[in-house]
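Here is a walk through a protein model and its ligand. Keep the 3D view open as you read.

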Amino acid sequence: MKPDAVSRGLIGAVISRFEQKGFKIVAMKMVKMSKNVAEGFYSPHKGKPFFAELVSFMTSGPIVAAVLEGNSAVEVVRRMIGATKSPEAAAGTIRGDYSLAITANIIHASDSEESFEREYGVISKLF
Ligand code: CMP
């Protein structure tokens, strides 16, 4: 969960959706990303026009990092969070229900098992 989810008091609401769906929360921690960690986490987006704003936003306040376990976790979680651009995210998805922004879009989730391995490698150092 990104800094907007934390500052807006949405941690419980978001986590609750995953718990109700049946996921097991196997790790969770509120942490503050350093610039270095945020740049590493989002390194596939390096060079894109929104990269600097994204890193600045992700380091603007605490985030909540979590690892979820369950059937088809990557695919199901991605469906539950909705489209990256919140104004385009379907109602009933997390971004569709809680955000109108693109950078401050409440939550990030790994989009493949390979991304999970890489992202977990970055974030687990903060656990
Ligand atoms: P996330 O799923 O965390 O992955 C990269 C993030 O970059 C994305 O969500 C958005 O918060 C942010 N972002 C900002 N602008 C864009 C854009 N034009 N396209 C995609 N992602 C963007």
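The model is predicted. Start at the ligand. Its surroundings are K2, Y42, H45, F50, L54, T84, R95, I102, T103, N105 and H108. By class, this shell holds four nonpolar, five polar and two charged residues.

Now look at the polar groups facing the ligand. The side chain of Y42 places an N or O atom 2.5 Å from a ligand oxygen. For H108, a polar side-chain atom is 3.0 Å from an oxygen of the ligand. N105 has a side-chain N or O atom at 3.2 Å from a ligand oxygen. On its own the ligand has 450 Å² of accessible area, and the protein covers 81% of that.

Which space does the ligand take? It is the second largest pocket. This pocket has a volume of about 460 Å³. Its lining counts 21 residues, and Y42, H45, F50, T84 and H108 lie nearest the centre. The lining splits into seven nonpolar, six polar and eight charged residues. Helix α7 gives the largest share, three residues.

Turn to the largest pocket. It holds about 630 Å³ of space. Its lining has 27 residues, with A66, V67, H108, A109 and S110 closest to the centre. Two or more lining residues come from each of α2 (11–21), β2 (63–69), α5 (73–81) and α7 (113–123). Here the lining comprises 21 nonpolar, two polar and four charged residues.

How values were computed: Residues numbered from 1 in each chain as written. Predicted model: local features only at pLDDT ≥ 70, side-chain atom pairs only at ≥ 80, totals over all residues. Heavy atoms only, no water. 1 Å grid on protein atoms, 1.4 Å probe; cavity = no way out; pocket = protein on both sides within 12 Å on 5 of 7 lines; lining within 4 Å. Points joined across faces, edges and corners; volume = space filled by probe spheres on them. Helix = DSSP H or I, 4+ residues; strand = E, 2+ residues; numbered from the N terminus. Nonpolar A, V, L, I, M, F, W, Y, C, P; charged D, E, K, R; others polar. Near = heavy atom within 4 Å. Polar contact = N/O pair within 3.5 Å; in protein donor to acceptor, adjacent residues only side chain to side chain. Areas by Shrake-Rupley, 256 points an atom, 1.4 Å probe, with all protein chains shown as cover. Sits in = over half its atoms within 2 Å of the grid points.
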